[in-house]
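User: I am new to this structure and want to learn how to read it. Can you take me through it feature by feature?

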Amino acid sequence: RMLPLTGYESSSDEDVEAERSQASKLPLPEILGAGASNGHPRSRGFFPVHICLPCDESQTPWNTLVSDFKARVALRFGREHAFEELPDRHISLSRNGLLKPAQSGQFLKALRQTCGKFTGPIEAGIKTEPEFLENDSGCALFAVAMVSADQGGYNRIQSLIRGVNEICRRFGVETFYADPKPHVSVLKLSSEETPIPAQFDEAATFRGSFVARFSTVRCTLGGRITHIAL
């Protein structure tokens, strides 16, 4: 069953907004690729950088999905098992990397040029059956909603990942996973004594998929957040 996800208006075709943000206000997210994450790199003399597609949210589909995921986790792992909801819903286009501050301007210029090749927002199907990915260190398990490969938005996202990956390669930033699996992380669980289930069909109340809309690319570079309209 496909449910439209609406409620966002793009304000321009260029930079929508650049604003300062404290690291504690919007920390770099855990990045999950083919079942892995590279964590949150920090190094003196470099800016941390992360690029993603934030979701243009309409609350109803996501709220229903989150409630359903929580119910399934409780039944599968026990209601006493702790999990954390991840409200910053996005699809990662890069790992958490490091960039020399002097390269920031050229990096953002290249990112704008790449985004300019995409005419209009991306609409993609979000699967409502949870899948599970671990981070690189194996200390956390994530319940994620995968992007459906059956719709055109999936190919556009993969194309955007390749474009961002090429920029990262040019500027010496760690590149993305060889086999990207576009997804939105919904819940974070401690993976201690928590096996990844082969199937997870219990308590399913929200079947199929819904359409999510992505209108901007968000680049977090040092303490600066830049939104670029698609």
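Analyst: Some ground rules follow. The model is predicted, local features need pLDDT of at least 70, side-chain atom pairs count only at pLDDT 80 or more, and totals for chains, interfaces and linings use all residues. Residues are numbered from 1 along each chain as its sequence is written, and side-chain values use heavy atoms, with hydrogens and water left out.

User: Where does N165 lie, and which residues is N165 in contact with, leaving aside neighbours within four places in sequence?

Analyst: Helices (H or I, at least four residues) and strands (E, at least two) are DSSP runs, numbered from the N terminus. N165 belongs to helix α3. A contact means heavy atoms within 4.5 Å. Leaving aside neighbours within four places in sequence, N165 is in contact with T175 and F176. Distance along the chain is another matter: N165 and L93 are 72 residues apart, yet their C-alpha atoms are separated by 7.9 Å.

User: How many helices and strands does the protein chain have?

Analyst: Three helices and 12 strands. Of the 230 residues in the chain, buried ones make up 50%. Contacts can also be sorted by separation. Among those with a separation of 6 or more, residues 24 or more positions apart account for 85%.

User: What is the accessible surface of the protein chain?

Analyst: Accessible areas come from the Shrake-Rupley method with a 1.4 Å probe, and for residues, only the protein chains shown count as cover. The chain comes to about 11,100 Å², and 47% of that belongs to carbon and sulfur atoms.

User: Now salt bridges. How many does the count come to?

Analyst: A salt bridge is a side-chain nitrogen of Lys or Arg within 4 Å of a carboxyl oxygen of Asp or Glu. The count comes to 10. One of them joins the side chains of R72 and E129, at 3.0 Å from N to O. R72 sits in helix α1 (residues 59-77) and E129 in the loop between β6 (122-127) and β7 (131-134), so this pair ties together parts 57 residues apart in sequence. R72 is buried, at 0% relative accessibility. E129 is partly exposed, at 26%.

User: Which residue does D88 form a salt bridge with?

Analyst: D88 pairs with R218, and their closest N and O atoms are 2.8 Å apart. The two ends are distant in the chain: D88 is in the loop between β3 (83-85) and β4 (90-92), R218 is in strand β11 (residues 216-221), and 130 residues separate them. Is each end buried or partly exposed? D88 is partly exposed, at 26% relative accessibility. R218 is buried, at 8%.

User: Where do R169 and E166 sit?

Analyst: Both are in helix α3 (residues 152-170), three residues apart, which means about one helical turn separates them. E166 is partly exposed, at 35% relative accessibility. Salt bridges can also link up: D56, E123 and R213 form a network.

User: How do I read a pocket?

Analyst: Picture a 1 Å grid over the protein atoms alone. A pocket is an open set of points with protein on both sides within 12 Å along at least five of seven lines, a cavity is a set where a 1.4 Å probe fits but cannot get out, and lining residues have an atom within 4 Å of a point. Grid points are joined across faces, edges and corners, and a volume is the space filled by probe spheres set on the points. The second largest pocket holds about 160 Å³. Its lining has 11 residues, with P54, C55, T216, R218 and H227 nearest the centre.

User: What is the lining of the second largest pocket by class?

Analyst: Ala, Val, Leu, Ile, Met, Phe, Trp, Tyr, Cys and Pro count as nonpolar, Asp, Glu, Lys and Arg as charged, and the others, Gly among them, as polar. The lining has four nonpolar, two polar and five charged residues.

User: Is V217 buried or exposed?

Analyst: V217 is buried, at 1% relative accessibility. V217 lies in strand β11. Leaving aside neighbours within four places in sequence, its contacts include I51, L93, L160 and H227. F214, in strand β10 (residues 209-214), is buried as well, at 0%.

How values were computed. Buried < 20%, exposed > 50% of the residue type's maximum accessible area, 1.4 Å probe, protein only.
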